Amino acid sequence: MAKSVQNRGCLSPEGILREIQINLLECKVCFETFSSQQRERRPQNLSCGHVLCLECIRALSHPLLRKLECPFCRQLCSVDSTSHCQVLTDLHELLLSGSPTSSAPPGRPKGGPVFPTSIARTALQLCTVFGGWGALIHPTGVAVLGTSGTIVLVHDGEKRVVVFSLQGRKLHSFGRKGNTSGEICYPVDVAVTSSGYIVVTDAGDKAVKVFTSRGNHVLTIKGSFQLPWGVDTDSCGHLLVSDAKAGTLSQVKVDYSRCAVVDHQTPISDLQCPKALAYCRVNGCIAVMENPTDATHPIQSDQYRRLTVFSKDFHILYQTDSFGLSLQASVRVQMSAVAFDSDGNVIVIDTHQGMIWSFGKLENGPVLTPLVKDHLIYPTGVVLLNNLLITLDSGDHTVKIYSSKSNTGLMI
């Protein structure tokens, strides 16, 4: 420490100015320079004494509780108790008003979450909301049918599968509550094949059930699963199914014309309570979210999640978990659902904060970008279509559609 102080004492006036700019005049979460001219970049005092920009306080805080955990000292702080840090604003204007500043000065400290400015400033905007209690009851899984954007979801209603237009108009529903042929006991997730078949995981009946797009029962796959959970389809139309109790990821080949299973393989059998999964149409990768119940980690086991991305040949490519994210990015992300965008970026739902994040492509570790941080209460499912992000919010039993475009859509 003495060496550090001595070195700083030998700095030139320009060096001292640079140290002030890096260590005092930029937010240590996003590394953007504080600014009194841009509201989202104004320095704000937390009740613990640390200073963040207003944008990062919004990104890290819970939308309903309006509280956040300080990324530096872990103290729980209220958003309503923050105050403008006038001292840093005055210092900024005094020292830097006449010189151009860079939002990422060379030699700045590394670490912490990375919020790419271009994306963060064009965060997805809520354009459509539909559903609500009665129309939907605790929706858990969502998929889209073709390029038209028809939305298929499963919920706890009398008819378990509901089909909506992209504008929120209910088209039809099917799959009455029950465990006989054509009925669904407890649906968890849903997927749509390239040929338009709707596939539902029925945890209550320990089965995977296939229907036509009009709701006619085609096939029930039973006897191979203990607790089928997540489901998606690969580029060949094969079903990918996670089994939360057996700890497996299965690949099922179905001949829909004969209503029969052709092949059922279990390429991965050592997972810990795998639930959500997603298939990437760009590179054939498969993302699986594990929910270990016996996790011995410094965070609560019920909040611990592990995200693993496999190659199309079912080899592990990369892996991250809640504990690693909290250390690396100083953000507690309670991952629950996963998807891929059209560029192959991993999209993750954060039920704890009511947010949706992009983790990037994960080759060099997660690069966290907040995509949605407003209007979500308890998100449970997500799917992407073109420039739209469609999410289920079990907190208020709705479907919420976000767009990268600035124009707003129909609110139902």
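Predicted model: local features only at pLDDT ≥ 70, side-chain atom pairs only at ≥ 80, totals over all residues.
Is Arg 66 buried, partly exposed or exposed? Arg 66 is partly exposed, with a relative accessible area of 38%. Good morning, colleagues.

The structure holds 12 salt bridges. In one of them, the side chain of Arg 66 meets that of Asp 80, with 2.9 Å from N to O. This pair links distant parts of the chain, 14 residues apart. Asp 80 sits in the loop between strand E4 (76-78) and strand E5 (83-84), while Arg 66 belongs to the loop between helix H3 (54-60) and strand E3 (67-69). Asp 80 is exposed, because its relative accessible area of 56% is over the 50% mark.

Let me turn to another group of charged residues. Lys 209 forms a salt bridge with Asp 202, and their closest N and O atoms are 2.9 Å apart. Lys 209 also meets Asp 205 in a salt bridge, at 3.0 Å from N to O. Through shared partners, Asp 202, Asp 205, Lys 209 and Lys 222 are joined into one network. Asp 202 counts as buried at 0%, and Asp 205 is buried at 9%.

I come next to a sheet. Four strands form an open sheet in the order E6-E29-E28-E27, with antiparallel pairing. Strand E6 (125-131) and E27 stand at the edges; each has a single partner strand, so one side of each is left without a neighbour in the sheet. On average, neighbouring strands of this sheet are turned by 20° against each other, direction ignored. E27 pairs with strand E28 (residues 388-393) over six bridges in the antiparallel sense, and Leu 385 stands opposite Leu 388 in E28.

Tyr 378 counts as partly exposed, at 42% relative accessibility. Together with Leu 64, Leu 65 and Ile 377, Tyr 378 makes a nonpolar surface patch of about 400 Å².

Finally, the cysteines. How many disulfides does a search of the whole structure find? The search finds zero. For Cys 285, the nearest cysteine sulfur is that of Cys 280, 5.9 Å away. Cys 285 is therefore in no disulfide, since the two sulfur atoms would have to lie within 2.5 Å. Cys 285 counts as buried at 6% relative accessibility, and Cys 127 is buried at 7%.

Technical notes:
Residues numbered from 1 in each chain as written. Heavy atoms only, no water. Buried < 20%, exposed > 50% of the residue type's maximum accessible area, 1.4 Å probe, protein only. Patch = residues over 30% accessible without salt bridge, like charges linked within 9 Å, V, L, I, M, F, W, Y side chains within 5 Å. Areas by Shrake-Rupley, 256 points an atom, 1.4 Å probe, with all protein chains shown as cover. Salt bridge = Lys/Arg side-chain N within 4 Å of Asp/Glu carboxyl O. Pairing = 2+ DSSP bridges. Helix = DSSP H or I, 4+ residues; strand = E, 2+ residues; numbered from the N terminus. Axes fitted to C-alpha atoms, helices over the stretch in contact; angles between N-to-C directions.
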